[in-house]
Amino acid sequence: MAIEDDVLVIGGGLAGAIAALSAADADRGARVRLVTYKQSTLRHASGLIDVLGYAPDGEGPLADPFPALEGLPRGHPYERVGIDAVREALDFFDGVVGDAYAGGHTDRNALVPTHGGTVKPTARYPTSAAAGLASDDRDGLLVGFETLPDFDAPLAAAHLEAAGVPFDCRGVTLRFPGIVRDDAKVTRYAHLLDRNERVGADALEEAAITTDGGEIGSRDALAAAVRDRLADETRVGFPAILGDERADEVRADLADALGVDVFEVPMGPPSLPGIRLEEMLYDALEAAGVRVTSGVPVVDYETSAGGSDRIARVVVDRHGAEIPHRAEQYVLATGGLVGKGIEADRERFVEQIFDCHVPHADDRYDWFVDDVFGEQPYARFGLAPDHELRPLDANGDPEFANLRAAGAVLGGYDYAAEKSGAGVSIATGYVTGTRAAEESG
Amino acid sequence: MATETDVLVLGGGSTGCGIARDLAMRGLEVTLVERYNLTDGTTGRMHGLLHSGGRYAVSDRESATECIEENEILRNIAGHCVEMTGGLFVKRPEDSDSYFREKLEGCRECGIPARALSGREAREREPYLAEDVSRAIEVPDGAVDPFRLCVANALDAEAHGARIETHAEVVDLLREGADVYGVRVRHDSGPGRRNHGTSGSTEEITAEYVVNATGAWAGQIAAMADLEVEVRPSKGVMTIMNVRQVDTVINRCRPKGDADIIVPHETTAILGTTDEEVTDPDDYPEAEWEVDTMIDTLSELVPILSEARTLRSFWGVRPLYEPPERGTADPTDITRDFFLLDHDERDGVSGLVSIVGGKFTTYRAMAEEISDFVCGKLGVRAACPTAEEPLPGSENLERLEDGMDDFGLRSPIARRSKQRLGSRSRAVLETDEPNPVICPCEGVTRAEVRDAIAQSGSDLNAVRIRTRASMGNCQGGFCCGPMANELHPDYDEVTVRRALDELFEERWKGQRHALWGEQLSQAMLNYALHATTMNRDRDPASADPSDPEADAASLEYAAFDAGEGR
């Protein structure tokens, strides 16, 4: 007996997870399976949910992304799904993540400090970043650590002021109490705080923290290290390492101990906010009854008999065994160049599983422009879908009647320049998931 | 502003730095000026082959002999810059048997240790060699880090009192009648170590004697004194693979041709090269076919290259020269020998010598000959010590391994750091401060980055060539930012931002020629990290990208979400 579902989602990043969750939504009641191969790119991502920070022509930062969504060029994923779907999808996302994210109270974008020191526009932000918004005019202290070279707090503070933020910002660099290795991973910092591990007298002394004697918890130790450096700032920002599973508790303890608001500055990979979002999505998938199989690639597919344009089944490689998976509807959410749903050799771009048509320039020297931050063609190559998000072939016909695509595997937009990556994943994930469930029923 | 010196050396490549070191060690007061960074011309754009001489053993035995002599000297004086990988000249069935025999004979006659191997023996040594490689000649080729070697020469010249000015472009040669007596340079910032954003100045430097060691640019410099030097710059591409497919230098055993060498270099392998004459050494086409030729042709020797990941490609320009009357048409046939052009004898203009032609492996011997010549002109009698005196970092290398600890670093990091720093390791790495890794791909720590900054100022490309930071798989995507962070607070925020932009652009330049497969995926990730996560592409602090110091655009912060209830 073959493994059989109503909807099969291929790819376990943000787009795939949202597709599976919206397909499995109780109203639609579809039986949904999600298969993933590679580790999702969420842990590379900042955890911010950008919808549209800049128009494709570079205008911005956009205080309100929605009017700009009206004017997007034909073929842009948002143009394909329409603005109403974007709003519905964001509502759906807000429902999935609940209190863990903020920003849903307004259409407006927020400007969030980045670890490089400037600000970026985003539509939803983890609550851990909420007290750090740049439009909040309270003075801020940024705290960096000698052993985390990705984030130089005094430099970031100076950079924020150069970006014209409406508050005074200062940065200090401290030794992190309880971190022994100079090259400890960021997850080590998070777990130290999660578990509130005891920090011994020697480590406290090394971090120049005076106590009444004896060891104290790592959260108290960190607060003690910061306290001496705090002037009259009413909010304190840290690199995003403040706990993993107990991040809210860690932040609350630090805020209590310091008597200020505490926030995180999103960081590069591996990104704790990205990892936390991934964990949240997978918990939600489990709660929604989505069957998730990880670490398995889709290696082949078959169409229905008689040269049909319907996918009959895909073949999944489970540790060497080739297992067919059947479904009524399929969602392709394997990612773009980073997630490797789209790859290129020296001659051409290809979509990895179904070899769907990827429109792109023939000559690879037309795949880029010389300015690294110029309008990069390679960043826009991906599948061209119809309004149903079905990938189209070179003639403009759907490749398959029952295949839709979501997220970065789609082309026609440059998520890095627009700051639209997460928003497109959520909107197209939502649309593909709901349509697939409707049609499978 | 005007300054005086005994000898003024123009050009901060291997030749110029070698001459500066040599003359400074002989007790002369030396100033060297370089337009950009040290190695920026041809030295930093080669495949890093330390010739055994085998390459020239048929066509040019004099050069071959000189190569093996210098090869042996460099192993002694620059051990921390050299890896003795050994080399093979491999023959495919279609390559000529008689040429193979001539090569073997030539090596023996030039004193190059050479041994013939069967195809099977060659594959035992290098398992990825093609099945149809039929024979090979083993020679003592090696890999050399041209950056490290050139910088070590400059450091030692400074230690002997020389003044080394980078980012100092010669804008005029000072000539009075039939005598050249100095130059006018424009400092990009300073003088002194580079500091972005500080305004530069113009300086006149006068000297008893001027050495034009600008290689492919020698004609442009000479023209400033109305002299003609007909350099015939010839470009060549190098393509860098992300791993060492081979641990031995692999040469194709045939008379000449594009794409005939693979040099294992640190963690990479470098494929080379092409040979095409260009008119302007600063502006020439970097062509797609050249990269494709590297991969496709060298895959005939090492088939896995066709599927392997390339990190980037870069081009260099050989400073070829021959007396104009020879009129050789094909640049591959122009001699690799060097020419010392005494403008007094040649043009009746005293005070200036131009050096053209030559090759990296014999830079020291060239420098010695030129220094002898300059000393002769100045009536100085001093012996050349450069063949015996080790360069900084290479003193007592054999004792290094035993006595040294790991400076609290994990062993792969410690090992690689010590390889780069040689005998300077303790001075650089021993610190009470935390010393985290800044560049994980190449294993470069904060202490090493800061040492490089202390040498070179706010120029992160100068830090890169000294440390290899940002030269690995990620091509700077992950480490450019942390490298720039190390400039603060010695350099202010705007300077740091400029330095970061400059390094990131430079890293992108080479990756454009490797935009497929894994490196395209990496490039997209780098773009996403810097544009999406950090918003460096639309940084409100750099409202006008052409002028990072312009005030931030009047970004209306109040129009954005300040948080619920605020």
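Tutor: What follows concerns an open sheet of chain A and a helix that lies across it. The model is predicted: local features need pLDDT of at least 70, side-chain atom pairs count only at pLDDT 80 or more, and totals for chains, interfaces and linings use all residues. Residues are numbered from 1 along each chain as its sequence is written, and chains are lettered from A in the order in which they are written.

The sheet has four strands in the order β8-β7-β11-β12 (chain A), with parallel pairing; strands are DSSP runs of E of at least two residues, helices runs of H or I of at least four, and two strands pair if DSSP finds at least two bridges between them. At the edges stand β8 (169-174) and β12 (261-265) of chain A, each with a single partner strand, so one side of each has no neighbour in the sheet. From one strand to the next, the twist averages 25°. Strand β11 (residues 235-239) of chain A pairs with β12(A) in the parallel sense over five bridges, and A:Pro239 stands opposite A:Val265 in β12(A).

Across β7 (140-145) and β8 of chain A lies α5(A), which runs at about 170° to β8(A); such angles run from 0 to 180 degrees between N-to-C directions, with axes fitted to C-alpha atoms.

In the contact between the chains, 63 residues come from chain A and 54 residues from chain B; residues are in contact if their C-beta atoms, placed from the backbone, lie within 7 Å. To the side of chain A that touches chain B, α5(A) gives the most, with five residues.

Note on methods:
Two residues are in contact if their C-beta atoms, placed from the backbone, lie within 7 Å.
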